[in-house]
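Visitor: I have a model open and would like to go through it with you. Could we take it piece by piece?

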Amino acid sequence: MPVPFACKGCGFKTNVKDTMAGKKIKCPKCGAPGAIPALNAGDDGDDDIMKLDLGSFQDVEPAEGENIDGSSAAPKAPKKKKKKSAAAPLSSGVKGAAVLFSLLSVAVIALLVMTALPEILAKMEPKEESTPAAKPAAENSKQ
């Protein structure tokens, strides 16, 4: 059975599900907090009140120290979110070591290229093969 809700702020009226009886909600029109009356045994509600989708309602958080269900337990404190810590800046010693390592790496690579490159190029050059016709010409030039 639907329960009537009337906003005290703007006068908006609607019916809500009986499961919402006794709870506090925000008015879907103006956002003012309001209470839904508890169900009485003979209360059928008013059929003239316009109907509204309950998805537009939002639960209202109870005030500090107030419990909606009537229990005397104190409300739980909200959990605090952990903040991400920023990375510490690098010290000048670490920066200097990084620069020195980079320069040393470049020097080693350059040395390897300078020593190994001529050998690699020498192996890639085509070898001159002597032909039988070229031998006599070379012998003639010696004489």
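Visitor: Is I109 buried or exposed?
Guide: I109 counts as exposed, because its relative accessibility is 54% and exposed means over 50%, buried under 20% and partly exposed in between, with a 1.4 Å probe and protein chains only. This is a predicted model, in which local features need pLDDT of at least 70, side-chain atom pairs count only at pLDDT 80 or more, and totals for chains, interfaces and linings use all residues. Residues are numbered from 1 along each chain as its sequence is written, and side-chain values use heavy atoms, with hydrogens and water left out.

Visitor: Where is I109 found?
Guide: I109 lies in helix α1; helices are DSSP runs of H or I with at least four residues, strands are runs of E with at least two, and both are numbered from the N terminus.

Visitor: Which nonpolar patch is on the surface?
Guide: The patch consists of I109, V113, L117, I120, L121 and M124, with about 580 Å² of accessible area together.

Visitor: What span should helix α1 have?
Guide: The 33 residues of α1, residues 92–124, should span 48 Å at 1.5 Å a residue, and the 47 Å between its end C-alpha atoms agrees with this. The expected span is 1.5 Å times one less than the number of residues.

Visitor: Where does α1 bend?
Guide: α1 bends by about 35 degrees at A116, and the proline P118 follows within four residues. The bend is the angle between axes fitted to the seven residues ending at a residue and the seven starting there.

Visitor: Changing topic, how do β1 and β2 run?
Guide: Strands β1 (residues 3–6) and β2 (residues 13–16) run antiparallel, joined by 4 bridges; strands pair if DSSP finds at least two bridges between them. V3 has V16 as its bridge partner, and P4 stands opposite N15.

Visitor: What is in the turn?
Guide: The hairpin has 6 residues between its strands, and G11 in the turn has a positive phi of about 85 degrees.

Visitor: Which residues of β1 are on the covered face?
Guide: V3 and F5 are on the covered face, whereas P4 and A6 are on the uncovered one. In a regular strand, side chains alternate between the two faces of the sheet.

Visitor: And where is P28?
Guide: P28 is in the loop between β3 (24–26) and β4 (33–35). P28 has a relative accessible area of 28%, so it is partly exposed.

Conventions: Patches are made of residues with over 30% relative accessible area and no salt bridge: like charges are joined within 9 Å, nonpolar side chains (Val, Leu, Ile, Met, Phe, Trp, Tyr) within 5 Å. Accessible areas come from the Shrake-Rupley method with a 1.4 Å probe; for residues, only the protein chains shown count as cover. A salt bridge is a side-chain nitrogen of Lys or Arg within 4 Å of a carboxyl oxygen of Asp or Glu.
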